[in-house]
Amino acid sequence: MGYMDKSLTYIHEAILKGEVTPLELVKEALLLAKEDTNNAFEYICEKEALDAVIKLDASKKNNLLYGIPVVIKDNFSTKDIPTTGSSNILNGYVPVFSSEVVTRLEKEGAIIIAKSTMDELAMGGSGTTGHLGVTYNPWDKDKKHQVGGSSCGSAAAVSAGIVPFALGSDTGDSVRKPASFAALVGLKPTWGRISRFGLFPFATSLDHVAYFTRNVYDSAYILNILAGRDDKDASSSFNKVEDYTANLSNSIKGKKIAVIKGIIDSISDKEVVKSFNVSLSYLKAQGAEVDVVDIDVKLLKAIYPTYIIISCAEATSNNANLDGIKFGNRIEGESFEEVMVKTRTNGFSPLIKRRFVIGSFSLLKENQDELFVRAQKCRRLIVNAFNRVFEKYDAIYCPAAPSIAPLVKGSSNNLSDEYLIADNYMAFANMGGYPSITLPLGFENNMPFGGNLTAKPFQESLLLNIAQAIENGTGLKDLVAKRN
Amino acid sequence: MKEVNKEVLVTSANKLMFDMSDEEYNNLLAEFDVIISQMNLIGDIEGVDEAIPMTFPFDVTNTYLREDVATPPMDRNEALRNAKDVVDGQIRLPRVVK
Amino acid sequence: MELEAIIGLEIHVEMKTKSKMFSSGPVSFGDDPNTNVNIVDMAFPGTLPTVNKQAVINAIRVSHALNMKICDLVTFERKNYFYSDLPKGYQITQQFHPIGSDGYLTIKTSSGEKKIGIERLHMEEDTCKQLHSWDFSLLDYNRAGIPLIEIVSRPEMRSGEEAAKYVEKIRSIVTFLDVSDGKMEEGSLRCDVNISLREKGSNKFGTKVEIKNLNSLANIQKAIDFEISRQSIILEFGGQIEQETRRFDEGSKETVLMRVKNDAVDYKYFTDPNIAPIQLSKEFILDAIRTSPELAESKLLRYRELDLNEYDSSLLISDKDVSVYFDEGLKSGCSAKLLANWVIGDVQSYLNKEGISIKEFPVCSLELGKLISLVEKGDVSNKQARDVFAEMIKTHKDASTLIKEMGLSQVSDENALIGIIKEVIDVNPQSVVDYKAGKDRAIGFIVGQVMKKTQGKANPALANKLILEEISRR
């Protein structure tokens, strides 16, 4: 019997009872990873993982992650394990240090069995732009659907039952969107709650460490491990860390939940709206007050372009260190300029380059006011609008996406309301740094879709409490795509 | 604002130390059409001009400063192990003309 | 047409903190390449900057010394450009809100005192060092990330002399505050000059020329003087000044063209989202100022109050380490004037002879002070003290040990001396008679005899006094 499709707590109990050993778990996960057909992995750490199991400190077996295989998105620096950010420019790069979150997981006894694929440098939402190509949705045996991105490989690994937990990152919705497409719980805590030391930056003011589990309890437990101040990250918060599992079963009676009208109105898929409404009835049944609230549609439509300008601008600067000189896939030239140009021309895909040009153009002195600074101003208006909702409500709740996962070869109308709002609104949680969680809502044609719940900064406990109430209502947890 | 045309984009790309194909410049021009029109719409939103630009998601002002204590440096071989051209403990480049 | 020069300076000061501006990598000068490098300094993906507290304290102290307004909210921007020596592809600097702004300093030139306005002072980080050979360049990241202070003057200087005095004063401030070793020839204090000429009385600015690579005060003055005459000649013949960057060639003592400047580079500045704004408390700022090392000017006042003359005082403060040596010596309680004479005289001439700095001088100043005190008490004579001093340099032993070893201590014990004096007078009664008869020279004979008996160790002043007393009793 396998364990990798079970919850963290289940596997932990099994270890404590002596039903299974960490070595057996790691072997199981490695075997599953090697059999993966969804292109979930950049690098399978077979030797490293087997070495790490042997070195496990048995006195720490009460730690929940003791001996548990995990997967890390390939934009987290891992010492002595290749890390490419799924970009050719970093082919061959083997970091000399580990991210703070990786160090914390390893201290708890987690065993890294693989680095997962992603959209190149986390700049994408489809899971199709990494240097290893498309990552598929494990729920679709025909391999026609995306799993979403940018944390595609991590989503695929958890939903395919290869590991019970995987680390991702979320700059616009890069964990919360794929969680919706893969029937997972995806949590992005408050900006600054988890140290980003060692996370390859995409857009610093929007980047968050985030992750996938298959149920809300596991999500809360992982947060207990990852949350906390780190002096190596000047943006990490000094706010007190709580026991995030403590309030999960609290009553949600009297909690006030806002549904944003403009977001629901932009969704055309009736199944999604229906299941969402059913989940609202679970919340009401448990005593929560649910209201439909308006936010100016102009502001909702502004979220995506604002996000694009800010993220591209920060990204072009954040990735300027990728020049092939100190590390990475250097290509020789006659001058240092030629080395840089050849390295970067060959190292980045066209999509990445276009985004860098957009970002750089927005930062030019004569353009800043109308592009970058205007986007920063609009960000303020957007966040103010959501803050006003949070003055009266404990959480905002909406579908995480307008539909099930799109087709790999699909095309979206980039100017439609549905695209501009329902497909991209979740970036508001990055702009305001709010903790935000996606969890399964239902299925359409055997493909999943999810809902998204967002709370005020540092209110992870309340957020997880309400999420638990939704999970209790839907009964949708520990979902794993069947293997073919 | 600078007019967006291919020449401007080529200059921008070259300043970012890369080249793109003609096809990509055309794609980019199309993308700029969309972005600029969206940003113009944003410019019409009431109050946007008066808003204070937001750099951080919320007020993150703190008082932390790192104590001035040096930690042991990286081993030199380790520091340079990811560089492709190393000579005498230093990274080599074609001669940099000042 | 009478022309005047408009000169502004940008000075970069490399700080001698223990760790770098944004990383805990060690700051060290002259070590093997790439042996003082931290992951942040090489811009490995995922590394993040953290702001060095001492660098902020240093910046506050220098800002205060330059009479600047201090901004209590510390923020940083990114200056984006690609270059071989720039690891991150951007430099972290303070573009929008420099920690110091709107100050001045006063310089003394041959034509009197002048106040020079200072626009801004900000913190930033150094680039890596490039070693160029004929066909390749080598990169050393030891320097990458070393904290820098950039000080930008207003264009208020009018001559090479003023500029040199201004830099001299800045150098004095940063060295006395222990912020930097201020060595221009080693690049820890770097100066770029912006210079343009215009018709006197006009309020329009002419075309600006930048001069780089100035590695001494003398060269700053020479380069500016040359540049003024070069530009004057062009303008007087109706020519145009090109906007360009020039460097000073030491051989020809001329400025030579490096490159013509085209458009101003657009650095695409924006606030670094990695560094949350840091609020400095009032106490923090005041404390930085209160605990600030003493500036040269204040030392000068203090020395004048110790009754040192202007010349000696200014010699002592011309080098921070000399003034520190002097101040240490004062702690022995010896006479300031004597100590100053020793430091400026014997110590300095030894340093000159050996070609070493005062930091390498083998005699610690407290010991020198003790030796001087012994001279003051009359335990040793001046001449003997010089011999002791020479031995101290050689043997590193302390003064009192050496005095004993050399058998030099004067007999200042009255009882011991009186015994000897009585003996001498007893056997020379004629001298007493002669003295009383008005022959003052007779006393000299007795002193001589006493000295002979004590092998020259009798304290001459004391002996003299005791002899007179003894004679009067007879």
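Three strands of chain C form an open sheet, in the order S5-S4-S15, and their pairing is antiparallel. Helices (H or I, at least four residues) and strands (E, at least two) are DSSP runs, numbered from the N terminus. Two strands are said to pair if DSSP finds at least two bridges between them. Please keep in mind that this is a predicted model, in which local features need pLDDT of at least 70 and side-chain atom pairs count only at pLDDT 80 or more, while totals for chains, interfaces and linings use all residues. Residues are numbered from 1 along each chain as its sequence is written, and chains are lettered from A and ligands numbered from 1 in the order in which they are written.

Strand S4 (residues 77–80) of chain C is joined to S5(C) by four bridges and to S15(C) by two bridges. Where does Arg78(C) find its bridge partner in S5(C)? The partner there is Ile92(C), and in S15(C) the partner of Arg78(C) is Phe270(C). Lys79(C), for its part, has Gln91(C) as its bridge partner in S5(C).

A residue is buried if 20 or more other C-beta atoms lie within 10 Å of its own, exposed if 12 or fewer, and partly exposed in between, with C-beta atoms placed from the backbone.

Chain C also has an open sheet of nine strands, in the order S2-S6-S7-S10-S1-S11-S12-S13-S14, and here the pairing is mixed.

I turn to the cores. A nonpolar core is a set of buried Ala, Val, Leu, Ile, Met, Phe, Trp, Tyr and Cys residues joined through C-beta atoms within 7 Å. The largest one has 285 residues, and those with the most contacts inside it are Val70(A), Ile113(A), Val163(A) and Val193(C). H10(A) gives the most to this core, with eleven residues. The core also draws at least three residues from each of domain 1 (3–279) and domain 2 (295–405) of chain C. Leaving aside neighbours within four places in sequence, Val193(C) is in contact with several residues, including Ile7(C), Leu9(C) and Ala163(C). Contact here requires that the C-beta atoms of two residues, placed from the backbone, lie within 7 Å. A second, separate core of eight residues includes Val424(C), Ile446(C), Val450(C) and Ile467(C).

The domain assignment of chain C also gives domain 3 (414–473); such bounds come from an automatic or database domain assignment. The centres of domain 2 and domain 3 of chain C, taken over C-alpha atoms, are separated by 35 Å.

In chain A, helix H7 (residues 216–226) is mostly covered, with nine of its eleven residues buried. Among them are Val216(A), Tyr217(A) and Leu226(A). After H7(A) comes Gly228(A), whose phi is positive, near 140°.

Finally, the contacts between chains. How many residues does chain A give to its contact with chain B? Chain A gives 60 residues and chain B gives 43 residues. On the side of chain A, H14(A) gives the most, with nine residues. The contact of chain A with chain C takes 31 residues from chain A and 25 residues from chain C. On that side of chain A, the largest share, three residues, comes from H10(A).
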